[in-house]
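I opened the model today to look up a few items. My notes follow below.

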Amino acid sequence: MSVIEKPVSESENDRGQGAAKCIARPAFPHAIEESGMAEREIRDDRGQGRLEAYDDGVFVGHIAYFTMAGDPAALVAVHTVVEPDQGGKGIAGSLVREFYAMAAREGVPVVPLCPYAAQWAERHPDEAPVPEAGLVSEAERQLRERPGR
């Protein structure tokens, strides 16, 4: 998927935040669902710590994450959530794949504290480098200090 930076108006953003977001669009034609299936967009809302998936403009799931402070910084996946009526469509996998791709573009590691993201990483070692143990410990410590996560 490629990422396109564009402002999102409140009418485009069902969360009503009106902030600029990164919109990931599939880079390969086969990544766009065909035969009447939905076109998936993945939007990074860094300010809210959410990577959100939309099918045909309808919100279908997200990864809650935070950017770990320190050197090196890292993107820390905390939860992956798919809307109950949207299961089995590959949404969670699309979100995690884009999360790792986003981190790679930024040159930072991913710490998958989310169980789904960790399992996905184990199944896709070519796309999901294993973070250093010290980085994982620090991410867990920072997560404990973040209220509401």
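**Helices α1 and α2**

I looked up two helices and found that α1 and α2 are roughly perpendicular to each other (angles of 65 to 115 degrees count as roughly perpendicular, under 35 as roughly parallel, over 145 as roughly antiparallel and the rest as oblique). The axes of α1 (residues 91-106) and α2 (residues 115-123) come within 10 Å and cross at roughly 75°. Axes are lines fitted to C-alpha atoms, for helices over the stretch in contact, and angles run from 0 to 180 degrees between N-to-C directions. Helices (H or I, at least four residues) and strands (E, at least two) are DSSP runs, numbered from the N terminus.

I note that this is a predicted model, in which local features need pLDDT of at least 70 and side-chain atom pairs count only at pLDDT 80 or more, while totals for chains, interfaces and linings use all residues. Residues are numbered from 1 along each chain as its sequence is written, and side-chain values use heavy atoms, with hydrogens and water left out.

I then listed the contacts (heavy atoms within 4.5 Å): A92, G93, V96, R97 and Y100 in α1 meet Y116, A117, W120 and A121 in α2.

I checked strand β3 (residues 40-45) and found six of its six residues buried, so β3 is largely enclosed by the rest of the structure. Buried means under 20% relative accessible area, exposed over 50%, and partly exposed in between (1.4 Å probe, protein chains only). R40, I42 and D44 cover one side, and E41, R43 and D45 the other. β3 and β4 run antiparallel and are joined by six bridges; strands pair if DSSP finds at least two bridges between them. E41 stands opposite Y54 in β4. In the hairpin, with four residues between the strands, G49 takes a positive phi near 65°.

**Salt bridges**

I counted nine salt bridges (a side-chain nitrogen of Lys or Arg within 4 Å of a carboxyl oxygen of Asp or Glu).

Which residue does D55 meet in a salt bridge? I found R40, at 2.8 Å, N to O. D55 lies in β4 and R40 in β3, so the pair ties together parts that are 15 residues apart in sequence. D55 is buried at 9%, and R40 is buried at 7%.

R46 forms a salt bridge with E106, with the closest N and O atoms 2.6 Å apart. R46 is in the loop between β3 and β4 and E106 in α1, 60 residues apart. I noted R46 as partly exposed at 32% and E106 as partly exposed at 39%.
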